[in-house]
Amino acid sequence: LCTRYGDLFMIWFDGGADDPTKYGADVLPIVEKYQPKCLFYHNAQRADFRWGGSESGTVPYPCWATFPFPFSHSAQKEIVFKDDFKLLKEGDKDGKYWMPAMSDAPLRGFKGRHEWFWEPNDDAHIFPLKNLMNMYERSVGHNSTLIVGLTPDDRGLLPDADVKRLTEWGNEIKSRFSNPLKTTSGEGTVFELKLDKKQVVNYFVLQEDITQGERVRAFKMEVEMNKKWRTIAEGTNIGYKHIRPIDPIEGAKFRLTITQSTAPPRLKNVGIFNVMTKQ
C-alpha cells in the first residue's frame, strides 16, 4: 500500500494498530519510511489528528487544535477518557502537539439511525439540510474538520438521494458564507469593519493564520451604537475557523478586538454576514 500507489494522503487505523509493544502491528515505521508526508491515525506513538469525542459530526466550543501528547487515545486512557472524552473534544490550548479534532457522522443518521453502510429503502434516514448545516457550523465552525460517512449502494455508486442532499448542502454553505458584507485581515489586536450604510448582521466568521499556530486566547466583537461600542459576542478559540451566529443587529461599524493572545495575532479573515437561511 505504501509503495505501489504514489503519494497517500492518509492512513487510518481506527484503533487497530494500537501499541506495538503489546499486541498492535508495528505499522508506523513503514508509513514513516515510505510515506513521510502522509497523515497517520493512530496508535500509541502518533496521531496527526484526533477523534472529536462523539459521532455527532460536532465538537463543543472551544475546541483547540493542540494536544498534550503525540497520540490521541491509544494510551493515557485514564486522562483521555475522563469526563466523557473532554480532552478529545476540547483539546489543550497549551498542548505542544498540533492535532486538530475531526468530527465524524454518517449521512444516514436521522431519526435515531446511525448507519455507516447502505441498506435498501433507507432514504428517510438521510439527515435533513437543517441538521447538516448545524453540523457544519458546529464542526468546521468550531475549528474542527468534518468527516461525513458516505456509502455506495448495490450499484457501486453513491445513492441518488445522497448525491442530491450533498449538492443541496454544498449550495447552502456557499449561499450563507460566500458573500460577506465586509472582510478584513492582517496582524494586530483591533480589526474594524466599516459599511457604507447600516445593515443587519447575524453572523461573523473569524480565521487565524494557523501556519503561525493558534495565538488568540480571547476576543470580543462589538458594534458602534450611538457613538459607543457595544459588545455583541465574546469568545476564546478561533483557530482555522470560527463561525458564530448572533442575534440580528443593525450597524455600520463593527470591531473585533483580541483581548488576550500568546503572540501578535495574525488573522487570515474577519468577516461579517447577513445570512438568509432556507430553514
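This is a predicted model: local features need pLDDT of at least 70, side-chain atom pairs count only at pLDDT 80 or more; totals for chains, interfaces and linings use all residues.
**View 1. A nonpolar patch on the surface.** Phe9, Met10 and Trp12 come together as a nonpolar surface patch, and together they have about 310 Å² of accessible area. Met10 sits in strand S1, which covers residues 10-12. With a relative accessible area of 30%, Met10 is partly exposed.

**View 2. The whole protein chain.** Now step back for a moment to see where the other close-ups belong. The protein chain has 5 helices and 13 strands, and its C-alpha trace spans about 65 × 50 × 40 Å along the principal axes. Of its 279 residues, 46% are buried. Take the contacts between residues at least 6 apart in sequence: 73% of these join residues at least 24 apart.

**View 3. Helix H4 and its cover.** Helix H4 runs through residues 129-137, and its buried residues are Leu129, Leu132, Met133, Met135, Tyr136 and Glu137. What lies over them? The cover of these buried residues includes helix H5 (160-177) and strands S6 (101-106), S7 (145-149), S9 (190-208) and S12 (242-261).

View 4. Look for Leu267 in strand S13, residues 266-273. Is Leu267 buried or exposed? Its relative accessible area is 4%, so Leu267 counts as buried. Leaving aside residues up to four places away in sequence, Leu267 touches Ser185, Gly186, Phe191, Gln207, Glu208, Ile238 and Ile258. Glu208 is 59 residues from Leu267 in sequence, yet their C-alpha atoms are 4.3 Å apart in space.

**View 5. A buried pair of charges.** Arg46 and Asp48 form a salt bridge, with 2.8 Å between their closest N and O atoms. Both Arg46 and Asp48 are buried. The structure holds 19 salt bridges.

**View 6. A network of salt bridges.** Which residues are linked in this network? They are Arg108, Arg113, Glu115, Glu119, Asp122, Asp123 and Asp162.

Methods. Residues are numbered from 1 along each chain as its sequence is written. Side-chain values use heavy atoms; hydrogens and water are left out. Helices (H or I, at least four residues) and strands (E, at least two) are DSSP runs, numbered from the N terminus. Buried means under 20% relative accessible area, exposed over 50%, partly exposed in between (1.4 Å probe, protein chains only). Contact means heavy atoms within 4.5 Å. Patches are made of residues with over 30% relative accessible area and no salt bridge: like charges are joined within 9 Å, nonpolar side chains (Val, Leu, Ile, Met, Phe, Trp, Tyr) within 5 Å. Accessible areas come from the Shrake-Rupley method with a 1.4 Å probe; for residues, only the protein chains shown count as cover. A salt bridge is a side-chain nitrogen of Lys or Arg within 4 Å of a carboxyl oxygen of Asp or Glu.
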